[in-house]
Amino acid sequence: MLRAARVVALVAVLVALAIAGSVRRSAEVREFDGAYPEHVAESGVLRAFTVRAAPAEVRLLDGRPLQVWAYDGRVPGPELHVRLGDRVRVTFTNDLPQPTTIHWHGVRVPNAMDGVPGVTQPPIEPGETFVYEFTPKDAGTFWFHPHLRSSEQIERGLFGVLVVEDVAPPPWSRDVVWVLDDWLLTQTGEIFPEFNTRHDLAHDGRWGNVVTVNGRVGEQLTVHPGERLRLRLLNVANGRVFAPDVSALDATVIAVDGNYAARPLPPAGFELAPGNRLDLDVTIPPSARGRRLAIVDRFTQQPIPLGEIVVADETPVETPRFPSPAAAHVPAWRDGLGTPVAAEFRLNARAGGPFGIEWTINDAAFRHDHDAHAPMPIAARLPVGEWSHLRFTNESYRLHPMHIHGLFFKVLARNGEPVDEPYFRDTVLLHAHDVVDVGAVPLDVGTWMLHCHILEHAESGMMTLVDVR
Ligand SMILES: [Cu+2]
């Protein structure tokens, strides 16, 4: 009798624990409900593109010819525009002297379309063709780039933009992408031919000596007074972080890393690390007629001019009126910080590896190129559709913009201080010795990469996998 009573008590305790566990999980999951979706309604439209990567000569920077590697012979590569629900088919041919892949940064694709060599597909050898096909589930600003020897291939000019438009896009008078980049050139104006140098590895990757917007120095965008435009900023640099000062503009941030924010936000203080996107809703007031509105980078001590919006000296046009689309459901997850940490990623460096220095996650280094004989390690296993509290701990003095494929996450705290960023991210910048807590409800099953987006850090080991099941 006594024994039966004990069994009943034990079962009751176990059931109570199980209920408590599921309630604990589902509080964050319930709050997440209505945020970015598990599925997208297909439009039935197939958008087929061909993209070819090959060496090319283009007139860049100040107009001089430059030997690059390019998608379709242009830098930035093609700007692919599709509408939410459209199926995207990209028939890609590699005419580079190296194997490559394409990764669709920020796009929730089926795992097999993620472009990670040795994990989701074999490298695409020179002369080979690979077909990428997926239906983006989120509207916003995304980009694509190689995921093999990326510190060299992206630096040489391989990057393009994927804009997924809303089903009913707000009636901006203009929709413009500014691709921010920098180039390390030799004295004779060639791309500096050594990659993954000891200097790059010991610092924040390869920082260039020429900063460009859309491949040009001193980008200018001419607009009519009164216009209202969407300006999509994207950082494709290997290592450089930008802090765009847009105070000359009447602008709000409406989307970060693709997805709309919960509300329009003041643009001051945003850092655009490699991989990050920032979408601005810009109104050109009629009073700006005839003026030049400068956008300047203030991340470094010396401000760097990025570009100018040149307002024509003419009769203002009527400003499009519509509510800001920055009205997404973003969970607050105020109690998320108190939940157990499902996985911690400690970021550090040590001597060793083929470059002399290797960057590590949880004391492990992995390189696509040099460690391809071994399976890539899995640093965390996350339950699909459930809450995960993750922590990045920077044990080094360097910058690390940490990027996770296949999911969006929200920053919960920096260095223990709760923060409320009313938006999701796919890349978060850690400064020296930062500890950043994030929360996520991954919806897409797969083995996804987690890596530093300073490409020299990634290339020398700072990459791992998270498995979502
Ligand atoms: Cu890093």
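The model is a predicted one, in which local features need pLDDT of at least 70 and side-chain atom pairs count only at pLDDT 80 or more, while totals for chains, interfaces and linings use all residues. Residues are numbered from 1 along each chain as its sequence is written, and side-chain values use heavy atoms, with hydrogens and water left out.

The copper ion has as its protein donors His400 (ND1), Cys452 (SG) and His457 (ND1), which lie 2.0 to 2.1 Å from it; donors are N, O and S atoms within 2.8 Å of the metal (3.2 Å for Na, K and Ca), and since water is not among the atoms, sites may look incomplete. Histidine 400 belongs to strand β23 (residues 400-404) and histidine 457 to helix α4 (residues 455-459), so the pair ties together parts that are 57 residues apart in sequence. Helices (H or I, at least four residues) and strands (E, at least two) are DSSP runs, numbered from the N terminus. Histidine 400 is buried, at a relative accessible area of 0%, and histidine 457 is buried at 0% as well, where buried means under 20% relative accessible area, exposed over 50% and partly exposed in between (1.4 Å probe, protein chains only).

Elsewhere, alanine 262 is found in strand β15 (residues 259-265) and counts as partly exposed, with 25% relative accessibility. Leaving aside residues up to four places away in sequence, alanine 262 touches Ala326, Ala327, Ala328, Val330 and Pro422, contact meaning heavy atoms within 4.5 Å. Between the C-alpha atoms of alanine 262 and proline 97, which are 165 residues apart along the chain, the separation is 45 Å.
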